[in-house]
Amino acid sequence: MAMNNLKFDASDALLAAFDVPNGAKWAMEARGFAATNLRRMGAPVKRDEYWKYTNPTGLTALPTPKAALFINDETPMFDGVDRVKLVFVDGVFDAAQSDDLALDGVELETLEDALRKDIHWAKDLFGVLEANGQNPVERPLAALNTAVATQGLVIRATGKTDKPIAIRYIHSADTSDAMVHHVVKVDAGANLTVLESGPGAARFNSVMEADVLDGAAFHHVRTQGRDHERRTATHMFGRLGADSIFRSFTMTVNGVLTRNESILEFTGDNAKATVGGASAGDGNGFHHDDTVFVTHDSLNCESRQVFKKVLRNGATGVFQGKILVKEGAQKTDGYQISQGLLLDDNSNFLAKPELEIYADDVACSHGSTVGAIDDDALFYLTSRGVPKSQAQDMLVLAFLGEAIDEIDDSALSEGIHIRLAEWMERRHG
Amino acid sequence: MLNIKNLQVGLEEEDKQILKGVDLNIGEGEVHAIMGPNGSGKSTMSYVLAGKGGYEVTGGTATLNEVDLLEMEPEERAAAGLFLAFQYPVEIPGVGNMTFLRTAVNAQRKARGEDDLSAGEFLKVVRAKAKALKIDADMLKRPVNVGFSGGEKKRNEILQMAMLEPKMCVLDETDSGLDVDAMKLVAEGVNALRDGKRSFLVITHYQRLLDHIKPDVVHIMADGKIIKSGGPELALEVENNGYADLLAEVA
């Protein structure tokens, strides 16, 4: 079958395109396992059901499609935040531009270093959460990442932390093909905030495996920059212990192709998770895909998915979200909303909300809407003297704001509000 | 101030004429009231003056201080000095009331070539005006009109009017949905803005509002036309006898 050959030729080619240095035995085994897995699955192709709304070609093609640098004079996101700054240039850790790998309550090192150590706690997580997340839906790009990534951070929060770890991704070469893999462990009762920002590379594939143990809290806020030609595939694998809190928010603006997958699994009771996203696509061919899979396998857990997309000038937004409630996961509260705001007739919002429930005492709801700017609200604002373009921006920001407000830190959410408002203002230039 | 000549308006999407030749002249500092049965075209006239979409002007003119209103965008009409207090103020989730007010005030100042009010100045002014209308800090912080009671929405309209300091205020059934105390509060807010120069067009069903906001001229509108104009006593006549007699008189 020609199509199948294409899938497997592509996965072989991708595996061959990256040099994998030697590492500790456990690291090589994890990589080998992922590579085998990938060879079995093959690379994603447009025909795959899970890629029905997003053509993966740009994420798998070789040689790497070029992405011109997007030059701007903006202050990097999160620069105003008191944080430990860690910089990756085209997916490679840059110690010179980074702060020291040190933070109270945190063990922090590069993936490169960790994968060389014969004994390391990351052994139980690296490639493990990713492998768990391959079932029931295959995620070949994540397997590829585990198989070949050498760059990333290994972060373990052992106690209370008072500042975030802020990872900044700089895109510097127009053909860079980056593989970044982070392993995060938040010990019982500990807390950690990880911020990510920037386009990363011409093509950027990142995986974060986050193990949030009992009573721990993990916050993740990410902004994916405005580089028009960048291509990005990310996977966040989260495992939640009892009474834990997991929050992840992503703002995506432009970029020719973005696929963000979040795969969460509740393994202990009374835990809470929120995955949110706000995206703005303004241009022909800009394509954003948020794909979420939440598995409830414990009692009394709460999950929220809140995604908002504003689209115009031919941009496309995709949402695929699933809540799976396994047998016995009683008292689950699952919520999911995805909304598209289309500013013209050329843009598209495609949503596939799914619930699959095998427990009988749960409260799950999902909704998906698509619409245009509310004429009555627009008239109300303009009748007070607000120019139409500004009034429209206010309504767009208000719409996205409902997703941004899912960030449980007012300084961070305010920062994102302000950045979005600045971007809109620039557009009117 | 406001001059309307033979204004004829239909709906854009269906062949229906709503205003069939309205003539109205409101001088500087005057307060005019328009009363009339449901469906006579009162609200349509207020929307058309403010520039709402969905209507088609098929004839006539409307000018504000000799400037053609009908050719302008809604925001230009506002900057020119027109203000419409909505019968049903729109709820706008996610937009803070205060942000909205400041944006509107500064947008109008900009359109008129004036400098922005600083955040401090703005806050001082808005607090004083809000207090007079019994609008508390919490209402200012909340999203525009979201979760406001009927009375709060109308007071919020008057606050916007007070902040924007328009030349010509059109109040579309500002008394609807208000209890007696709320109506008095709103009327006091309006009266506080009467300075001998600012003009008002008060659209209402009931004479009661006009006890509080005393009009110079009362017009009766029916079937898209002003059928009778007179002094405040005309409102009392409507209150006592309804519209039937007036309509019969004209017919």
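Predicted model: local features only at pLDDT ≥ 70, side-chain atom pairs only at ≥ 80, totals over all residues.
**Stop 1: Q336(A)**

Leave aside its neighbours within four places in sequence, and show what Q336(A) is in contact with. The list is Q305(A), F319(A), G321(A), K322(A), I323(A), P353(A), E354(A), S365(A), H366(A) and G367(A). Where does Q336(A) lie? It is in strand β17 of chain A, which covers residues 333-342. Is Q336(A) buried or exposed? Its relative accessible area is 1%, so Q336(A) is buried.

**Stop 2: K322(A) and E356(A)**

Stay with K322(A), one of the residues in contact with Q336(A). Show its side chain together with that of E356(A). The two meet in a salt bridge, 2.4 Å from N to O. Colour the strands next. E356(A) sits in β18 (residues 348-357) and K322(A) in β16 (residues 316-325), both of chain A, so this pair ties together parts 34 residues apart in sequence.

How covered are the two partners? K322(A) has 13% relative accessibility and counts as buried, because the cut-off is under 20%. E356(A), at 25%, is partly exposed.

**Stop 3: C301(A)**

C301(A) is in no disulfide. The nearest cysteine sulfur belongs to C364(A), and it is 12 Å away. C301(A) is buried, with 1% relative accessible area. For a cysteine in the other chain, pick C169(B): it is also buried, at 0% relative accessibility.

**Stop 4: helix α6 of chain A**

Select residues 140-148 of chain A. This is helix α6, and it is mostly covered. How many of its 9 residues are buried? The count is 9 of 9. Walk along the helix: P140(A), L141(A), A142(A), A143(A), L144(A), N145(A), T146(A), A147(A) and V148(A) are its buried residues.

**Stop 5: a salt-bridge network in chain A**

Show the side chains of E74(A), R226(A), R419(A) and E422(A). Salt bridges link these four residues in a network. Over all chains, the whole structure holds 36 salt bridges. Side chains of opposite charge can pair when their charged atoms come close.

**Stop 6: two salt bridges within chain B**

Move to chain B and select K153(B) and E91(B). Their side chains meet in a salt bridge, 3.0 Å from N to O. K153(B) is in helix α6 of chain B and E91(B) is in the loop between β6 and β7, so the pair ties together parts 62 residues apart in sequence. K153(B) counts as buried, at 16% relative accessibility. E91(B) is partly exposed, at 38%.

Then select K129(B) and E165(B). Here the side chains meet in a salt bridge at 3.6 Å, N to O. This pair also links distant parts of the chain, 36 residues apart. K129(B) lies in helix α4 (residues 119-132) of chain B. E165(B) lies in the loop between α6 and β9 (168-172) of chain B. Both are partly exposed: K129(B) has a relative accessible area of 24%, and E165(B) has 48%.

**Stop 7: the interface of chain B and chain A**

Show both chains and select the residues in contact across them. How many residues does each chain give? Chain B gives 27 and chain A gives 17. About 1,800 Å² is buried between the chains, with 72% of that area from carbon and sulfur atoms.

Look for charged pairs across the interface. There are 2 salt bridges. One of them joins the side chains of K52(B) and D376(A), at 3.7 Å from N to O. Polar contacts between the two chains come to 9 residue pairs, counting those with both residues at pLDDT 80 or more.

Finish on the side of chain B that touches chain A. Which elements of chain B give two or more residues to it? They are α1 (42-50), α2 (74-80), β6 (82-85), β7 (92-96), α3 (97-111) and α6 (150-164). The largest share, 5 residues, comes from α3(B). Colour this side by class: 18 residues are nonpolar, 6 are polar and 3 are charged.

Conventions. Residues numbered from 1 in each chain as written. Chains lettered and ligands numbered in written order. Heavy atoms only, no water. Contact = heavy atoms within 4.5 Å. Buried area = accessible area lost by both parts, 1.4 Å probe. Polar contact = N/O pair within 3.5 Å; in protein donor to acceptor, adjacent residues only side chain to side chain. Helix = DSSP H or I, 4+ residues; strand = E, 2+ residues; numbered from the N terminus. Nonpolar A, V, L, I, M, F, W, Y, C, P; charged D, E, K, R; others polar. Disulfide = S-S within 2.5 Å. Buried < 20%, exposed > 50% of the residue type's maximum accessible area, 1.4 Å probe, protein only.
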